Amino acid sequence: MEMLTHFPRKKTSSESFRQMGPLARREFRNGLLFISPWILGFLLFTLLPMLATLWFSFLNVKLLDNPFDLSKFVGLKNYIALFKDSQVWNLRPNSSPGALWVTVRYGLLAIPVSILLPMGIAVLVNSQALKGKTFFRSMFYMPYIVPFIATIFLWSGVLNPQFGWVNLILLQLGVPRENLPGWINDINWVYPAYVLLGIWGIGNAMLTMLAGMQAVPTDLYDAAKVDGAGGLARFWYVTFPMISPVVFYNLVLSVVALFQYFLVPLALNTGNPAGFPGGSTMFYNLYLYRTFFVFQNMSYGSTMAWVLFLIILVVALVLFGTARYWVYYAGERN
């Protein structure tokens, strides 16, 4: 006799809603009502502009042109032009680097600092021997709440090559004036200067890592001590695996922030040539901003925005793909 296997049909959303009780329906409607401002804002200020820029990327229009003029349609020419643009991809020595490589080169220095330094501070603040933990936790977090543009102008003075505090301290330590760093005016020191400026705002990453460390069960540390593990071994085999989801979270945020980095060079280079000094600060997002808003080339700027979106998406997928090899989740089964 033939055996027939029947699988239950999956209910549609409308059928599930009709089967709800009166109270559940009312709660569902109230929930939609409360999130409706966010839905409306997302549709008007996120989804619609994204779709508009996607359409612009297939046109050749300026700011005041008609975006619905089909005679402006150019297909993939903007994308082809972008991938041939030396201002984005240039790697030739003795010339200004491309905007994407400027971003990547800065990230190779900034991202390790943005992960390792907050982690190290969190370890120190979490130490049992440290007194006044609340004070230090507040002091490290406080700069994060200062408006970022104010922080930029503050540090532009601190790192000023002539009268900045950092160089004045170096002079007092015996460094000759001719050997003082040029910081934001020197192509060899501008990235360390930007990293120093970014350290000012690591309080949020430090707090998230500290919260992860404080959630590690003390039984694991006791067991490691019984097995003879020292402080470094306990951190590597107990602390780091348990806080690896927090580290991964901060890593993803740091990578996304890297590709969106432009406010610092935009503010510091006001009155200077774009990319000063020597094109070393022409980050991809700054180049995009100038293309779209300064030169008012909506089509090419939109193309750059979508290519940036795809780059971030690919990098994020790679990070999530590699996370299974080093990120540990307590409730996860192998």
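What percentage of the contacts in the chain with a separation of 6 or more is accounted for by residues 24 or more positions apart? Then, where does Ser 57 lie, and what does Ser 57 touch?

Guide: Residues 24 or more positions apart account for 62% of those contacts, a contact being heavy atoms within 4.5 Å. This is a predicted model, in which local features need pLDDT of at least 70 and side-chain atom pairs count only at pLDDT 80 or more, while totals for chains, interfaces and linings use all residues. Residues are numbered from 1 along each chain as its sequence is written, and side-chain values use heavy atoms, with hydrogens and water left out.

The mean pLDDT (the predictor's confidence in each residue, from 0 to 100) is 87 for the chain, with 92% of residues at 70 or more. Where pLDDT is low, the predicted coordinates should not be read in detail.

The chain has 15 helices and zero strands; these are DSSP runs numbered from the N terminus, helices being H or I of at least four residues and strands E of at least two. Its radius of gyration is 26 Å, well over the 20 Å that the globule rule gives for 334 residues, so the chain is more spread out than a compact globule. The radius is taken over C-alpha atoms, and the rule is 2.2 Å times the number of residues to the power 0.38. Along the principal axes, the C-alpha trace spans about 95 × 75 × 45 Å. Of the 334 residues, 34% count as buried, meaning under 20% relative accessible area with a 1.4 Å probe and protein chains only.

Now the residue you asked about. Ser 57 sits in the loop between helix H2 (22–56) and helix H3 (77–83). Ser 57 is buried, at a relative accessible area of 0%. Leaving aside residues up to four places away in sequence, Ser 57 touches Gly 75, Asn 78, Tyr 79, Ser 299, Ser 302 and Thr 303. The side chain of Ser 57 also reaches the backbone oxygen of Leu 54, at 2.6 Å.

H3 and H15 are also among the elements that the buried residues of H14 pack against, together with helix H4 (86–89), H5, H12 and helix H13 (263–268). In helix H14 (residues 284–294), the buried residues are Tyr 284, Asn 285, Leu 286, Tyr 287, Leu 288, Thr 291 and Phe 292. Just after H14, Gln 296 takes a positive phi of about 55°.

Terms used
Buried means under 20% relative accessible area, exposed over 50%, partly exposed in between (1.4 Å probe, protein chains only). A polar contact is a pair of N or O atoms within 3.5 Å; within protein, one must be able to donate a hydrogen and the other to accept it, and residues adjacent in sequence count only if both atoms are side-chain atoms.
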